[in-house]
Each structure stands twice: as C-alpha cells, then as structure tokens.
Amino acid sequence: MHNGSLEIVLVFLLAAVIAVPLFRKLGLGAVLGYLAAGVALGPQGLKFIDDPASILAESELGVVMLLFIIGLELSPARLWVMRKRVFGIGGLQVALTAAALGGLMIAYGLGDKATVVVGIGLALSSTAVGLQLLAERKELTTDFGRLAFAVLLFQDLLAIPLLVAIPLLGDAKAAHHVPLSQAALRAIGAIAGVVVLGRPLLRQIFRVVARTQMPEVFTASALLVVAGTAWLMQLAGLSMGLGAFLAGVLLADSEFRHELEAQIEPFKGLLLGLFFMAVGMSLDLRLVAREPLLIASGVGILLAVKGVLLYVLGRLGRLRNRGALMLAAALALGGEFAFVVFGEALKAGLIDNGLRDRLVVIVGLSMAVTPLLVMAASNWLLAHPDAKPKRPFDTIDNENPRVIIAGFGRVGQIVGRVLLAQNISFTALENSAEQVDFMRRFGNQIYFGDPARAELLRAAHAERAEVFVVATDDPEANVRTARLVKRLFPNLKVYARARNRQHAFRLMDLSVDKVVRETLDGSLELTRNVLEGLGFSPEVAAERVARFRQHDEKMLAEQHLVYDDEAALMQSAEASRRELQQLFEADREEDAAGEALK
C-alpha cells in the first residue's frame, strides 16, 4: 500500500468519481461501478491497497448508516406489523437455503457441523448491496422491497447465535469463549437497554443540541448516535447495523427525523461506496483464474438455489409473480457477514484455508453479479408486462344525455361536477378500470369503456347529445377520440382538452369546436396574482392578463398554419414576442399620460 493517508483518500475519491458516473451512464448502476473500482485498486489490480480486509472492516460504518436511515423510515408500530414476515419468511429463507446448500456441501466432503455453518453462511444475503440496489431503483417501499428488508433484518438478528455457536461446534477450546446463555443474556440486555432508554434519552439530547442552532454540532450528534449504538451492539456481540437500525426506529416519529436523515445521507453514501470498493479489492482473481469452472459453478449454484427458494417464499408471502422474481434477483447473492462466518469457521477448525478462500470468492463474485442480475430481471419484466385481464365494457343506461364526457380524470371530473350541480344530464366514459372503480366508491355514475370505439359511442347515444367533451389525459387517445367523433357525428359540438400547443394544433386540424389548453387558465391566474404582488392594481393586472390571453389566442391561430415548419414557427414566435412587448409598452405610455393629466 502506498504511504500517506491523504494519497489513499485521493485515490479512493478519484476512483469513485471516474467509475460510478461511467457505470451509471452505461446503465450498470453505482454498486457495480464501486466494485469495479475496488478490483482496479486492490492487490489484483494496480496494488494501491494490499490489505483490503482492514478497509472492509472500517468501511462497514457505511452499512451501519444505511440501516440507521432505513430505521428512520420505520416507526415501532410498523416494525411490529412486520414481525410475521421477519420471523416467518426470514426464518424459512435461512432454514431452507441452509439445508439445500448444506446438502450440496456434503458432496464436497464436509462433516455435519461444517455443513451447518457453511450452509447458514451462504444463506445470508448482502444487506448493503441488496438495499442499495433497491434504493437506487426507488423500490424499497414496494411489496417486494419491504419483504426483502424483513428477510435481511432476520439475517442480522441471526448473527449473534451463529457466531456464538461456531466455536462450540468446532475443535477450538471453549474455555475462552462466552457461554451461550451468557451471550444471549448480554444481547437481550443490550437490545432492551437501547429500546427502553434510547427513546427518551435520544430525544432529549437532540432537543438540547437543536437549541444551540449550530448545524455542525447537530451533525456531530447524529454521527455520535449512529456510531455509539453500533459500538454498544458490537460490545454485546450483536451486529453493528442492528444497533443503528434500532436507534433509527426510536427516532422515526420524532421531530428530528428529516434533519437527521439529511445530516447522515452524505456520509452514508461515501462510506457505503468505500465498502463496495473494499469488497471489490477482496476478490482473489488469481484463484478465479486457477479454478474458473469450480468458481463459476459455485456462483451459479448459489444464485440458482437461493433464487428459486426466494421466489417460492415471495409467492408464499403473497407477492405477485413479478415481485417474487425481483425479490429473488435482489437477495440471491451472498452477504458480507459470510466473510466473518467463514473466518470464524476456519479458526474453529471446521473448514480449511482452501475452502474458506473459495467460499469468499464465490460470495464476493455473487455480490458483483447481482446488479447485472437485477437489471436483467427488471428489463425482462418491462419487455413482458402482465396481460391486463379483459373487462367487458359497461352497459350504458342513460339514453338521453345532453353531454358526453370522455375521460373522467382531474379535468373531466370538474366538468361533470358543474353539470351535476345544474341537473344537466351527462354520460361519463373512462378507459381505466381502476379509475372507474375508484370514482364509483365516491358515488359517481361512470361507465367503463374506450371512447375511441365506435360501438361504445353509439351505445352511449352520442347521436342524441348536444356536446362531446374530450378530456382524456393521453394526447394520442385524445386525438383518436376527437377524430372518430367528428367523423361519426359531424353535428355534435366537440370541446377538447389539450396538454400543450402541439397537441392543440393536432386537435385544430380536426376542426374541433373549441380547444382548451389545460395549463393556460391556471398559469394566467398565477400571473395575475404575481402582478398584484408586484404592486399593480387588481384592475391593471386583470387587464394585462386579458391582453396576453387575447394575443396568445391570435398567435395560436396563426401558428396553426405553419406548425409543421419549425423555421416558420420560430420566426412566428419571435415576431409575436416583439408585438407583445410593443403592446405592453403602448399600455405603459398610455398609463403614464393618464397619470400626468390627473
């Protein structure tokens, strides 16, 4: 390793700045970028770092901070609701995966005790990689994201009994090891202490710190809480991340939650990136080169066995097929805690150096492959969307509507409410089954069907209506509906909603009776308020806005003639800008002359 801590810091930062944007631009994600940077800097690459184990141990603080922030999102009440998933699905995942992978290890010649330890070690998944991938994709709050977190939380809880059991299972002398009952009592005491004393104590600390109104003191306090609870849990033999997570949960419904998250987030991101780089440095590429078939088979078997079991458990946990597949892709990898488990198993004489090295490489490579696996699963799901169940169009029983509204979203609803208040009969058509069901819960009479279908328009008795309102949100569907109505019912007045000017031009091509741009009125009302806030009288502000509306409607009609010619359209926009400035300048001169005569 090169001398000089500043040099090391600069190398890490430079690697992150180069690798992460490059990999994200390639669509491969930040995690894979950090892992690649770690491989490049480690003993198998440029040899900037020759002791990746020390970097890995120090960088685990990033994982701790990640769990603290996740804890801030979970109140104790929500955590209690998750208990069945944590201990039910999480417990089944570890038990079934350990049994399946342990069974395969028997063929490798391992004894029964070693098989149990290795099986459980491989059953654990990476909290850092899994949660970071889900956070990057904004999927932590999805059904499969919440189940993934429950599984990972159980695995963290399993850490203590597993580490206590390894020496007892091995050939090491047990004299210097803590008895199981004593370790359990110490762990329970630490958790109880944090839960009981942490809530009032932490809140009081942050209230005192907040009164100082010094941001740097608040930042230091936040880091102290995270590091302190992690250290306390480590003393009790528990996972450091578990302590930080509990601290986050205790502060989840406090007034400091959002400020804490803002203070911790930058440190979490940097340290988590360092952790991923340390994992990359730990990969023994020479072993991969010597035994490529064995290592590749090991990675494939690990991902396949865990993936299949996670998919089945996801379905058992009431996930749909797509969610279960994403759960399997995100958590089929090995975990960073497996490095500790296999190290302890080596000390206890359960496995030899050769097996430990192979297992570490297999777990590390599974972590490196997972971002690609998640991306592949996501892309496959996007390319194969769920077939929507076909729902028959509703039978329409309103035989004499004066108005037909196509699209009953935020625009169509307002039109309908005004008509309903005046007892004007209308028929509302909506192509979204979810929107239909939602609106019916509020007592609205609305019919499911595609207004761009001729048979539905005839069933709605469009020939008897006076006005047809095209209020669908999708511009393409909007234009299709307007075209069909104008062709089938030329005597029907058609008023259409337009999202923007280009959409308005397409509707004007169809000779729609009136095109209303959906943001125009709200924007002009806001403009009038702004002018009044600047000191204009309400009368002058209203007059200026009315003048702009008149000018803009005139420009819209002129630009409709040339909207397919970009050069002519730009020239028209520039001429319109100058004309509007001249109009307002004339208004100002007229106002000034009027003031002079007073």
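User: Where is S511 found in this predicted model?

Analyst: S511 sits in the loop between α22 (501–509) and β6 (514–517).

User: Is H461 buried or exposed?

Analyst: Buried: its relative accessibility is 15%, and the cut-off is under 20%, so H461 makes the list.

User: Let's go to the sheet. What is the strand order?

Analyst: Read across, it goes β3-β2-β1-β4-β5-β6, six strands in an open sheet with parallel pairing. At the edges you have β3 (447–448) and β6, each pairing on one side only.

User: Which way do the side chains of β4 point?

Analyst: General idea again: in a regular strand the side chains alternate between the two faces of the sheet. In β4 (residues 467–470), V467 and V469 point one way while F468 and V470 point the other, and all of them are buried.

User: What does β4 pair with, and over how many bridges?

Analyst: With β1 (residues 403–406), β4 pairs in the parallel sense over four bridges. On that side, I404 has F468 as its bridge partner, and I405 stands opposite V469. Four bridges also join β4 to β5 (residues 493–498), again running parallel. There, F468 stands opposite V494.

User: How does the chain get from β4 to β5?

Analyst: It crosses through helix α21 (residues 475–488), and this β-α-β crossover is right-handed. As for packing, α21 lies on the sheet and touches β1, β4 and β5. Its direction makes about 160° with that of β4.

User: Now helix packing. What should I look at?

Analyst: Two packed helices are described by the angle between their axes and the distance between the axes. Take α10 (residues 215–235) and α12 (residues 257–282): their axes come within 10 Å and cross at roughly 75°. The pair is therefore roughly perpendicular.

User: Which residues meet there?

Analyst: From α10 you get P215, F218, T219, A222, L223 and V226; facing them from α12 are E259, L260, Q263, I264 and F267. By type, the residues of this contact divide into eight nonpolar, two polar and one charged.

Conventions
Residues are numbered from 1 along each chain as its sequence is written. This is a predicted model: local features need pLDDT of at least 70, side-chain atom pairs count only at pLDDT 80 or more; totals for chains, interfaces and linings use all residues. Side-chain values use heavy atoms; hydrogens and water are left out. Axes are lines fitted to C-alpha atoms, for helices over the stretch in contact, and angles run from 0 to 180 degrees between N-to-C directions. Helices (H or I, at least four residues) and strands (E, at least two) are DSSP runs, numbered from the N terminus. Angles under 35 degrees count as roughly parallel, over 145 as roughly antiparallel, 65 to 115 as roughly perpendicular and the rest as oblique. Contact means heavy atoms within 4.5 Å. Ala, Val, Leu, Ile, Met, Phe, Trp, Tyr, Cys and Pro count as nonpolar, Asp, Glu, Lys and Arg as charged, and the others, Gly among them, as polar. Buried means under 20% relative accessible area, exposed over 50%, partly exposed in between (1.4 Å probe, protein chains only). Two strands pair if DSSP finds at least two bridges between them. A crossover is right-handed if, with the strands pointing away from the viewer, the path from the first strand over the helix to the second runs clockwise.
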